[in-house]
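Good morning, and thank you for coming.

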Amino acid sequence: MNSRNEISPPKWAAKFLRLYCKKEFIEEIEGDIHEIFEVNLEDKGVAYAKRKFTWDVFRFLRWSNIKRLKKVQSNSFDMFKNYIKIAFRGLKRSKLYSVINISGLAVGMAVFMLIFLYVTNELSYDKYHSKSGQIHRIASHLTVPGSYFEFAIAPPNLGDRMVSDFPEVLNRTRLARFDGTLSYGDKVFAEKDAMYSDPEFFEFFDIPMLSGDAATALSEPFSLVLTEKAANKYFGSENALGKLIKVDGIEQPFSVRGVMANVPQNTHFDFNMLVSMETRKSQGFMSDTGQWFFLDYYTYLLFPVGYNPSELQSKMPDFVERNIGDAQRSANQTYEFEFQKLTDIHLKSHLDVEAKENGDIQSVKIFSIIAVFILVIACVNFMNLSISRSTRRAKEIGLRKVVGAVKRQLITQFLTESVLISFLSFVLAFFLVLWALPSFNTLIGQDLMVENLIQGTFIAVWPALILFIGFLAGFYPAIVLSGFKPINILKSGGASRQGGSLLKRVLVVFQLVISTILIIGTLVINRQLTSLQNQNLGFEKEQMLIFNHGGDGSIAANMETIRSEFIRNPQVKSISFTRSTPAGDNAGNWYTEYEVADGEMQNASMYGFLVDHEFARTYGLEFLAGRDFNRSLVTDMDDAFVVNESTTIKMGLQSPEEAIGKTFAQFGKKGKIIGVIKDFNYMTLHSAIEPLVIQLTDPQYLGVMSIKLEAGADLATIESLEEIWEGVITAIPFEVTFLDQALDNRYAAEMRTKRLFSSFSSLAIFIAALGLFALSTLSAEQQKRSISIRKVLGAPGQEIALKFSMAFLRLSVLALMISIPIAYLASESWLSNFNYRIDFDPVLFILGGLITATITLLTVSFQSFKITRINPAQNLRSE
Amino acid sequence: MKGTYLGEFEELVLLTVGALYDEAYGVAVMDEIKNESGRGVNISAIHSALRRLEEKGFVKSTMGGATNERGGRRKRYFVLTSYGKKALDEAQSLRMKLYERIPNIALGN
């Protein structure tokens, strides 16, 4: 009994109850929860009773129990309510103005939000790893005679050597591409998205293991870790752990030792399974000695927290000399290694053999600028319309001042109104984003989610944006209007002064400048990309089927059967087996020796294609000198080379004919040049055509099949070919792509930029036109009286309309003059990324200006036409 | 006065107030409901229900005298009004009418 009186309920909870609860209820509520507290104290102990008391206090936190706002604050609160009410009335009264204002601003905000999603996603790459700040990737810069390469991959044992040589390198992990045909039961998949990996992978990257042990899953040969997606693909709902997967050509089956989460989309690599690096080791690759010129391994290093690897950079020349020095001298190649910050890889690294298509800091910048532009255009609309309408509200302001409103209150009122409009626009914008996001995702080829808008710190961005836009748009009218002298306004029966007309014109010009720049930008981008796509590549790309079967003993053995069966189809023109195709960016790059004009040999690194006899014929390559490979000359297989024109230039020869018969060696073969072909584009058009060497090769290395079809070929042709294929080869499915599509895919990034840029520019222009329309409407209304007087005095309608339109047209001409130099500089800097680029074409710029001027005129002409029909009698009646 | 619709929980509280006669205050109603129906209810829900019932005119309340328990706070006692009694009667007779219409045969189980 004693303890009951000494122990009281938690004081803060009791205080909190008194803070929020209405006076009239407080006694009974306190009484009841006290009583419950006392009973609990007896039955269930102190802790429970206290907890329950606090819980009860929170349970009483209901609307009906909460104190209402005290009357002390009521005046400013009521005024606030009044401002909102007046604002809504104003919105309802001038519907055109409200619709244009809110919808324009909403579209602007929606675009801003979409681009915000895109940009934040681009910037988020690889930041989710807890050690992301400590991880760097090794990039290999390789200098060979005559050429220089920057690879994202490194030699096999570089990472291990660095760990043993430098204490500051804490650990390393490697990834390397794995290709193979995998089967489980009757399921067969050609895996192209698999990677060899070290067990340390899971220490570096935060991709969680769902089942299996991350520490040991990859430590033995012939072990696999599947992603969730891959586990579903192979095993469905069965448990993947411990299952055996067969890899074509490898005796020992692979056992699934773990299932990991899918690789998050914002990672600079992607795979659907990891194969233990030990597998590769057990196959005899990556021996500890030598192998310094087998570049295959994405190598990541772990540094201590806060360590700056530029210190290590200065120790690298010594390290390279110590470990690779002799190898470099005998191969006549030189390495330099660079450390790339993990978080910079996605946006800033554009090396050869990246793990996945990387993004581009330039696009991120371009679209951030566009987002701000569009938002600014929408804000300018908002500002302009507020300024134009402000004169109409002069009377209201006068009256408010007479009954005692002070300047500060009026400013508050106008800011409240514009923040309200900005808020309504935001709500609408949010729904627009929901509606547009799926198509936006298709456009940029990503999978952004609307949830990302409101996650983490971004949630604070939106209220800030609403307030910022509201203040920006409401600021000027608020200051000007609140400064009106009531006596002037009320005496003259309305302010005749046009408020802020200079500022208004400046803003319109500003809007038009942005629109014009965007239009010219769109035109330049379109022209450049169309010319890229229509560029004569120097080979036939139409009606060409590409089948990347990967190269396989069973195919090599049956190659001639397949060829003769396929060619029997009248729709098939010719067939060629090669190792690389012009679409692939996959030409080999090899040590090459060539005879220079004076007879001695020099060496360089040149791109090489390994092909069969039909290659040049299938792709329609043009011979400038010499001959093609000939089936009846057996020696062609051992000592013949065909080179492109660029090679002969590199060799210092005056004409293609001189090259014939010159001694040449590449890829373990020595012989003579038998033919020279005209240059064709086998890389993307970002780079110039480099020397290319073509040689015949043993069929088993030729993993790609090119099938040239006749013009009339259709789906049925492909199906009949598939039937033939399946009759001969069962293990590998017949999956073909069209070469022209594959070629277009190489410009996917540019095409994306083009589509995005066009859509956003159209939106920007739309918003600007919307604003112009509203502005001209208001301006026509304000000039009603002066126009009527002109009419009465005999001015013809067309003349008045012309004068009215000219005012706006002048602004758009001024805008054009300002925007052309800016657009010129911007487009030149973009075009400098291309090797094949269009020249500066003034037509595009004039066209851009014409489009803006036309849109301006069309928008305004609606009002100028209306002006010509004004009836002076109606407008001047009251004078 | 708000609508006179009697919700399921409100009816239970109203019945309990009637049953407790002049001993009905928040905690007592809560305990009684717990004892009779085994249904654990938070005290704040009881208060809300009682206040709604009072607004609808089914119960009326008076403050009791000061006590030594409850930290010295007074209790608010609720009693059934005749209007509240009528509402309960109606609910009851409606229920009986429908109940009697259930055919007196073995139900399909």
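Which residues in α1(B) meet which residues in α3(B)? B:Phe9, B:Glu10, B:Val13 and B:Leu14 in α1(B) are in contact with B:Ile46, B:Ala49, B:Leu50, B:Arg52 and B:Leu53 in α3(B), where contact requires C-beta atoms, placed from the backbone, within 7 Å. Among the residues of this contact, 7 are nonpolar, none is polar and 2 are charged. Here Ala, Val, Leu, Ile, Met, Phe, Trp, Tyr, Cys and Pro count as nonpolar, Asp, Glu, Lys and Arg as charged, and the others, Gly among them, as polar.

Before going further, a word on conventions. This is a predicted model, in which local features need pLDDT of at least 70 and side-chain atom pairs count only at pLDDT 80 or more, while totals for chains, interfaces and linings use all residues. Residues are numbered from 1 along each chain as its sequence is written, and chains are lettered from A and ligands numbered from 1 in the order in which they are written. Helices (H or I, at least four residues) and strands (E, at least two) are DSSP runs, numbered from the N terminus.

To return to the pair, the axes of α1 (residues 8–20) and α3 (residues 43–56) of chain B come within 10 Å and cross at roughly 85°. The two helices are therefore roughly perpendicular to each other, a term covering 65 to 115 degrees. Axes are lines fitted to C-alpha atoms, for helices over the stretch in contact, and angles run from 0 to 180 degrees between N-to-C directions.

I turn to the interface. In it, 15 residues of chain B are in contact with 16 residues of chain A. On the side of chain B, α3(B) provides the largest share, 5 residues; that side divides into 2 nonpolar, 6 polar and 7 charged residues.

Next, helix α4 of chain A. Its residues A:Ala49, A:Lys52, A:Phe53, A:Asp56 and A:Val57 are buried, meaning 20 or more other C-beta atoms within 10 Å of their own, against 12 or fewer for exposed. Seen down the axis, the buried residues fall within an arc of 140°, so they line one face of α4(A); the arc is that of the directions from the helix axis to the C-beta atoms. On the other side, A:Ala47, A:Tyr48 and A:Phe58 are exposed. What covers the buried residues includes α2 and α3 of chain A together with α3 of chain B.

Finally, chain A as a whole has 30 helices and 22 strands, and 37% of its 879 residues count as buried.

Key
Parallel < 35°, antiparallel > 145°, perpendicular 65-115°, else oblique. Contact = placed C-beta atoms within 7 Å.
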